[in-house]
Amino acid sequence: MSTNTPEGDRIAKVLSRAGIASRREAERMIEAGRVTVNGKRIDSPALNVTASDKITVDGKEVGEPERPRLWLYHKPQGLVTTTSDEKGRETVFDKLPEEMPRVMSVGRLDLNSEGLLLLTNDGGIKRKLELPSTGWLRKYRVRVKGAPKDEDLAPLREGVTIEGERFQPMDVTLDRQQGANAWLTVGLREGKNREIRRAMGEFGLDVNRLIRVSYGPFRLNELKPGEVEEIKPKVLRDQLGIALPEGHAEAKAKPMRPGPKKPRKAPPKGPRGPIGNKRRT
């Protein structure tokens with residue numbers, strides 16, 4: 001029996017690193033017969049490939065993977081976080097700027113949620129950021145109908161079980177009352193499906209707006225809905241241990257806005273100069 005390890009990497013890992021899909025999604029693509037290696041269609045991910053192998057997906061050749069990259073995206077309400085939707089709804093990938101490469105989302109935000117969504121071209125980054133062991137805090141601004149008191153939120157800080165599913169303790173702060181609604185700040189370290197909505201609903205609090213404002217060290221800040229901003233390579237090195245690209249020179253990241261670019265207008269002149277935008281709360 002041979003004990004030699006095959007050269008190269010598993011085909012699903014290579015497709016993931018090339019930004020085609022996550023490893024699990026790549027395995028499904030292989031099983032569906034959408035991938036060929038050196039002209040031969042494969043139906044099992046149990047295959048190692050090297051740089052000399054020619055790989056195609058849906059008839060298109062897979063090139064060399066780019067350097068690992070990460071973007072911040074301000075997801076608006078009304079978009080689903082999938083590459084395609086069986087109901088024909090618009091996805092976040094339909095609305096990204098045309099100059100964006102093919103990317104994957106790190107986790108998801110549901111249809112009616114908004115705020116910070118991380119995007120990457122590298123399956124390794126996606127996996128690393130999604131692992132529960134990473135333990136990064138994800139913060140949300142949450143608006144609920146009603147006038148809860150701080151003691152009403154205490155069970156959420158202890159952790160709750162809903163329909164047999166255990167939710168870990170949440171960091172919950174009651175910020176302010178605004179008419180018939182209250183604003184809360186909620187922090188999670190796991191992020192199960194619709195976790196905040198389900199947990200709040202268990203205590204009679206109906207969530208009518210949910211905005212993710214941070215994911216670990218990455219912040220939404222002043223990014224407007226639909227805008228995308230790339231994380232600098234230096235930050236990726238410091239936060240994720242990813243080496244800087246060869247010959248890299250630091251450059252300030254600028255937000256990319258969806259749709260055609262418009263010519264810039266000169267600011268109005270006056271004795272006090274341009275008026276800056278104030279942050280709205």
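Some ground rules: residues are numbered from 1 along each chain as its sequence is written, and side-chain values use heavy atoms, with hydrogens and water left out. Because the model is predicted, local features need pLDDT of at least 70 and side-chain atom pairs count only at pLDDT 80 or more, while totals for chains, interfaces and linings use all residues.

**Strand S9**

Helices (H or I, at least four residues) and strands (E, at least two) are DSSP runs, numbered from the N terminus. Buried means under 20% relative accessible area, with a 1.4 Å probe and protein chains only.

| Partner of S9 | Sense | Bridges |
|---|---|---|
| S7 (residues 70-75) | antiparallel | 6 bridges |
| S8 (residues 104-106) | antiparallel | 3 bridges |
| S15 (residues 206-215) | parallel | 2 bridges |

To find these on screen, Trp71 is bridged to Leu119 in S9, and Met104 sits opposite Thr120 in S9. On the S15 side, Gly115 has Arg212 as its bridge partner.

**Helix H6**

Now for H6, residues 233-240, where Pro233, Leu236 and Leu240 are buried. They span an arc of only 60 degrees around the axis (taken from the directions from the helix axis to the C-beta atoms), so they lie on the same side of H6. Among the elements covering these buried residues are S7 and helix H3 (123-130).

Conventions:
Pairing = 2+ DSSP bridges. Buried < 20%, exposed > 50% of the residue type's maximum accessible area, 1.4 Å probe, protein only. Contact = heavy atoms within 4.5 Å.
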